[in-house]
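Try each task before you read its solution.

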Amino acid sequence: MCAALFLVERHGIPVLVIERSTGEATDPRAATFHPPTLEMLAPSGVTDKLMEEGIVAARWQRRDRTEGKVAEFDLGILKDDTTFPFRLQCEQHKLVNIVRRQLAANPLFELRQGEEITAIAQDESGVSVTTDKGTYDADWLVGADGGRSVVRKSRDFAFEGFTYAERFLVITTNFDFEAEGYAFSNYVSDPKEWCAVFKVPADGPPGLWRTVFPTDPADDEAELTSFANCRARMERFIGEGRDFDVVHTNLYTVNQRVASSFRDGRILLAGDAAHLNNPLGGMGMNFGIHDAENLARSLAAWKETGDDAALDLYDRQRRFAAKAVLQSITIENKESLEQSDREAAAAEREKFRRIAADPVATRAYLLKTAMIEGFNKANSIP
């Protein structure tokens, strides 16, 4: 939808979106928007609409399950680097629905839902996509169809990387972590059971809190996601006898993968179809939107000149971002939280305390974790 937004509104390029699901999006997926993403969505007015529905997280915390708060980082230090020196907590499906409503009346935009792709063909002049309801021809096909991408699997794209043995369990509750001293975004280290804790707006004030835990690969999925088991896991984390309800649970497999190329002739990959990563740092959705913005610029350049070199540049820049930035940071985030060696874990805590105590080091660190540094590096690749 963001690719369609940039192509239609910014570049005047007609787009047909084919979507397998029906109705409006409701699934509780990613929920963190970083500064570069808010900046690229601002000209369309989408950022303003997200701000109306979201929660501004001006600070985030590094915590330890035994020691409590280790360090707190105020993104306000980036006020000279970005118009949006904060994280915005707002669920992904709200972005999708905002963009959908905004594009609905635009004659350059068409959305066909409830259609399954059955075949893809291409030649030098364009692409043909066949679904269970018809066949469509276009100049280019953008596969933004997720980690199990039909578009990617239709071509000879390798999906290089690995899958973690443990799955991640997401437990959404109405427990008020803010009253316990937590920020709206937190990463809690522990050698046996680390946790990520962040607030989402849900259906309105006061919002809900999501917690993300690792799980034993041998554990049964139904048991892991049962409300009784999730309540017991929460009580181990926050203490027994606390007042809260388990609202939602989800269990998912976690990959660290990057496609061998983001382009095959007239077929292009973006978002989870092109790269997958663990959610620690809240970067996956943002990287997908960054792909979409870059790809829209590249397709606009092709339309202007007929030279497809811009599409090769898209591949170079966004594959660099996925491999050198997204993969390295998210893998490092997980390893840092689950450090089992006592001395190494203590050194990690001390590292975060030192960074938080030094404004220069804090700014450098936040430029990295707020995705500003990596975004600029990728866009500077010739």
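**Exercise 1.** How many disulfides does a search of the whole structure find?

*Solution.* Before starting, note that this is a predicted model, where local features need pLDDT of at least 70 and side-chain atom pairs count only at pLDDT 80 or more, while totals for chains, interfaces and linings use all residues. Residues are numbered from 1 along each chain as its sequence is written, and side-chain values use heavy atoms, leaving out hydrogens and water.

Step 1: The search finds zero disulfides (pairs of cysteine sulfur atoms within 2.5 Å).

Step 2: Take cysteine 2, whose nearest cysteine sulfur, in cysteine 90, is 12 Å away.

Step 3: Now try cysteine 195. The closest cysteine sulfur belongs to cysteine 230 and is 12 Å away, too far for a bond. Cysteine 195 is buried too, with 0% relative accessibility.

**Exercise 2.** Which element gives the largest share of the lining of the second largest pocket?

*Solution.* Step 1: List the elements that each supply at least two lining residues: strand S4 (59-64) and helices H9 (309-337), H10 (342-357) and H11 (359-369). Helices (H or I, at least four residues) and strands (E, at least two) are DSSP runs, numbered from the N terminus.

Step 1: The largest share, five residues, comes from H9.

How values were computed:
Buried means under 20% relative accessible area, exposed over 50%, partly exposed in between (1.4 Å probe, protein chains only).
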